[in-house]
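Here's a quick walk through a few spots worth a look. Open the structure and follow along.

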Amino acid sequence: MENEAQENKNYELATFAGGCFWCMVKPFDQWPGVIKVVSGYTGGTTPNPTYEQVCSDRTGHYEAVQITFDPSLISYDEILTTFWQSIDPTDSGGQFGDRGSSYKTAIFYHTEEQKAAAEKSKSELQANGPFQGLPIVTPILPAKPFYPAENYHQDYYKKNPMHYQRYSVGSGRAGFLERHWKKA
């Protein structure tokens, strides 16, 4: 992912942890200017971790997505808005039905400009968002190595649409997004 963004100087990376990565691909995958969205692991200490290792909560990794995008077609601010509107930023214990450190939310910035934009958007969400004064707990962290997840996790919503939909509803994510962001 880093290499593709470096090879095409017009592309940038955005990396977010938003709970189960199955549910974090589709929100970004639909936008013009998003080149690709990869499910994977970041933020931890074990090189090339497996899904089982990350789920053990012993590697320090988050389930995350890394987005390659063309900033001439979609801005980082627009991508940040999509991220916020895909999660519960007030939950410090995971996301919806998924609990534990590997399912916590985070923004991993790749540049100082991304860091500043993320901090600004977090402040605005705290002041003006739909969470009635609950603290926004999503941390903003420097990007660390990103390891793509196993192939069967990639584009899960396309490969297994029925299971993906049941999971999104059953985990509580779909209902939360509908209540807070008027999205399902």
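## The second largest pocket

Keep in mind that this is a predicted model. Start with the second largest pocket, whose lining is made up of Asp77, Thr81, Trp84, Gln85, Ala117, Lys120, Ser121, Glu124, Leu125, Asn128, Gly129 and Trp181. By class, that lining comes out as four nonpolar, five polar and three charged residues. The space inside is about 240 Å³.

Two helices, H4 (76–84) and H5 (112–128), each put at least two residues into this lining. H5 is the top contributor, giving six residues.

## Leu80 on H4

Stay on helix H4 and pick out Leu80, which sits in it. With a relative accessible area of 1%, Leu80 is buried. Skip its neighbours within four places in sequence, and Leu80 still touches Phe16, Ile107, Ala117, Ala118 and Ser121. Ala117 and Ser121 also turn up in the pocket lining.

For a sense of distance, take Val137: 57 residues separate it from Leu80 along the chain, and their C-alpha atoms are 15 Å apart.

## Where H2 meets H7

Now over to another helix pair. H2 (residues 22–29) and H7 (residues 161–170) have axes that come within 10 Å and cross at roughly 105°, so H2 is roughly perpendicular to H7. On the H2 side, Trp22, Cys23 and Lys26 make the contact, while H7 brings His163, Tyr164, Tyr167 and Ser168. Sorted by class, the residues in this contact are four nonpolar, two polar and one charged.

Terms used:
Residues are numbered from 1 along each chain as its sequence is written. This is a predicted model: local features need pLDDT of at least 70, side-chain atom pairs count only at pLDDT 80 or more; totals for chains, interfaces and linings use all residues. Side-chain values use heavy atoms; hydrogens and water are left out. Axes are lines fitted to C-alpha atoms, for helices over the stretch in contact, and angles run from 0 to 180 degrees between N-to-C directions. Helices (H or I, at least four residues) and strands (E, at least two) are DSSP runs, numbered from the N terminus. Angles under 35 degrees count as roughly parallel, over 145 as roughly antiparallel, 65 to 115 as roughly perpendicular and the rest as oblique. Contact means heavy atoms within 4.5 Å. Ala, Val, Leu, Ile, Met, Phe, Trp, Tyr, Cys and Pro count as nonpolar, Asp, Glu, Lys and Arg as charged, and the others, Gly among them, as polar. On a 1 Å grid over the protein atoms alone, a cavity is a set of points where a 1.4 Å probe fits but cannot get out, and a pocket is an open set with protein on both sides within 12 Å along at least five of seven lines; lining residues have an atom within 4 Å of a point. Grid points are joined across faces, edges and corners, and a volume is the space filled by probe spheres set on the points. Buried means under 20% relative accessible area, exposed over 50%, partly exposed in between (1.4 Å probe, protein chains only).
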